[in-house]
Amino acid sequence: MANNHNNWVSVLVQNLTSKKQTNLLKNLYFLTFTTVLCTLFYLLGLWQHSTTPFSAGTTTTQYLSTTTCPDPAISNSTAAALDFSAHHTIPDPTSTPAREFHAPPCDPSFSEYTPCEDVKRSLSFPRDRLIYRERHCPAPNEILRCRIPAPFGYRIPLRWPESRDAAWYANVPHKELTVEKKNQNWVHYEGDRFRFPGGGTMFPRGASAYIDDIGRLINLRDGSIRTALDTGCGVASWGAYLLSRNILAISFAPRDTHEAQVQFALERGVPALIGVLASIRLPYPSRSFDMAHCSRCLIPWGQYDGIYLTEVDRVLRPGGYWILSGPPINWRTHWKGWERTQESLKEEQDGIERVAKSLCWKKLIQKDDLAIWQKPTNHIHCKITRKVFKNRPFCEAQDPDTAWYTKMDTCLTKLPEVSDIRQVSGGELAKWPERLTAVPPRISSGSLKGITAEMFKENTQLWKKRVAYYKTIDYQLAERGRYRNLLDMNAYLGGFAAALIDDPVWVMNIVPVEAEINTLGAIYERGLIGTYQNWCEAMSTYPRTYDFIHGDSVFSLYQNKCNMEDILLEMDRILRPQGSIILRDDVDVLLKVKRFAEAMQWDARIADHEKGPHQREKILVAVKQYWTAPQPDEDQQRKL
């Protein structure tokens, strides 16, 4: 029994051992097969990605050695090399203009440089009809690529309204007018500043009393007169004192007729530009101004077939007024003091009267030293009487709103058609201040294609929100009274200026000549002011004109038209030390602007859009650092 049991156990052990060996053998076969298969796939992969074919006579060991550590001595026909270099690489950044851009300070002699009214350049142009005093800009290779310095001792201008009556001498170091116009109370020099008593050649009692005299002849207080043009402005006292009557005047005069007269106006915080009536149109659209004024401005109104008065007619609104004082008005009283003969003065006045009549103007009144004419509200009567009174012919071809290097003409600018003699051509304007938010007639009539009344209203509300946001990111703009002279480089409908109407500022609204739609006429119909400009050229103004510059998509507009750095250098020229800039544009554009700005020593940063960080349009805020020319030597100081 015991033997049987032992046999049975022995058989069982043998069976178990046999089965175990069989399983082990199967596992060994499987492992071997898997290894061979993996090796084949590995070799196949090497062959597919090799740069040279894998020859049948090459062993795996030989192949791996040649591909991982290639020997230059081995022939390419018998060995292959794996290419582990990157084939999709980003090249090192090339040197960009922004990195190369350098804007050193200009020589102190350029502290009052006006590129397009450069005195030396102007001498090469004809003196006939003052053509040499028009805009004559430098060629691209003549553009000054340095930063214009403020004069030594420059100070931040006095705040409005104190600035109306005084300015720092160091900012405009010219005493010529204090001597030349001493008896006319234009400007006095006292200690460290100039004083502006408000006098003028034809208003020795002061500009305020003179304006009161005008106000007794036409209504200056009911809001019907809002925009005005002062030709040959002196130090702009007429415009300065109109501001308290809610009348906004643009004053202009040629460069250096009287040293620094326009510069004085700007330093006082009064809107002004360098300009002259010569051969090209004034840079304003037709029907812009409610009133135009000349006080002994020495413009030959009756000469050259009345071309200058015809240009005033173009920019005057239907029903607008032209005011003239000084020669030849009241010549019977003043002819001896003017050192003119009675005959020459009478002939001059007769010539002006003839031109005014040919323009269909009506002479409202002449009282003492003032004469006032009024432009008709439409041309119905003018067309009826043109053969009888020999009125000048109407212009046929030119767009009346085109005014950038556009030649003046002696023809009469047509007013928009009306169906009734009581209608106002182009549409009647609301009185100020309702005029600011009323839909401009150019828009309501459909004259501006693509802009509707609803779009205008939405734009007005949009800019209220944007300006409110600006004041949260620029504390200087938010500080009431810190700024006075503002510039909007691409104004569109004037929404930026309208949103600031309750601040003690004025805004020069620019409509670039490259803009798709000419909206400057609509801006004037809102009771705001502005001018045309090509930002590839310099502006007709002095250095340090503006406290603040705003630009909406300016650099996108001028992409591929001119150099970004030239526009920025012009902005630097016309911006006052410690003045601010706000630009809104695509983020890529502003990043490039920021690099240039920092090269010009502006403190610049980019802020999010008012709608949040996910907008591609961003806002650049920059402040121009304070710096001036070095102190002049004793010889230069004696000349000053």
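**Rings and cores**

Modeller: This is a predicted model. It holds 22 aromatic pairs.

Colleague: Why is the pair of Phe-101 and Phe-596 called edge-to-face?

Modeller: Ring centres must lie within 6.5 Å to pair, and planes over 60 degrees apart count as edge-to-face. Here the centres are 5.1 Å apart and the planes are at 85°, so the pair is edge-to-face.

Colleague: What makes this pair a tie between parts of the chain?

Modeller: Phe-101 sits in the loop between α3 and α4, and Phe-596 sits in helix α20, so the pair ties together parts 495 residues apart in sequence. Both Phe-101 and Phe-596 are buried.

Colleague: Why is the pair of Trp-322 and Trp-361 called tilted?

Modeller: Planes under 30 degrees apart count as stacked, over 60 as edge-to-face, and the rest as tilted. The angle between these planes is 50°, with 5.9 Å centre to centre. So the pair of Trp-322 and Trp-361 is tilted.

Colleague: How do you know whether Trp-322 is buried or exposed?

Modeller: Buried means under 20% relative accessible area. Trp-322 has 1%, so Trp-322 is buried. Trp-361 has 7%, so Trp-361 is buried too.

Colleague: Which residues have the most contacts inside the largest nonpolar core?

Modeller: Trp-322 is one of them, along with Met-291, Trp-301, Leu-487 and Met-571. This core has 128 residues. Helix α19 gives the most to it, with 6 residues.

Colleague: How do you know where this core lies relative to domain 1 and domain 2?

Modeller: Domain 1 (150-388) and domain 2 (434-624) both give residues to the core, so the core lies between them.

Conventions:
Residues numbered from 1 in each chain as written. Predicted model: local features only at pLDDT ≥ 70, side-chain atom pairs only at ≥ 80, totals over all residues. Heavy atoms only, no water. Core = buried A, V, L, I, M, F, W, Y, C linked by side-chain atoms within 4.5 Å. Buried < 20%, exposed > 50% of the residue type's maximum accessible area, 1.4 Å probe, protein only. Helix = DSSP H or I, 4+ residues; strand = E, 2+ residues; numbered from the N terminus. Domains from an automatic or database assignment. Phe/Tyr/Trp six-rings, centres within 6.5 Å; stacked < 30°, edge-to-face > 60°.
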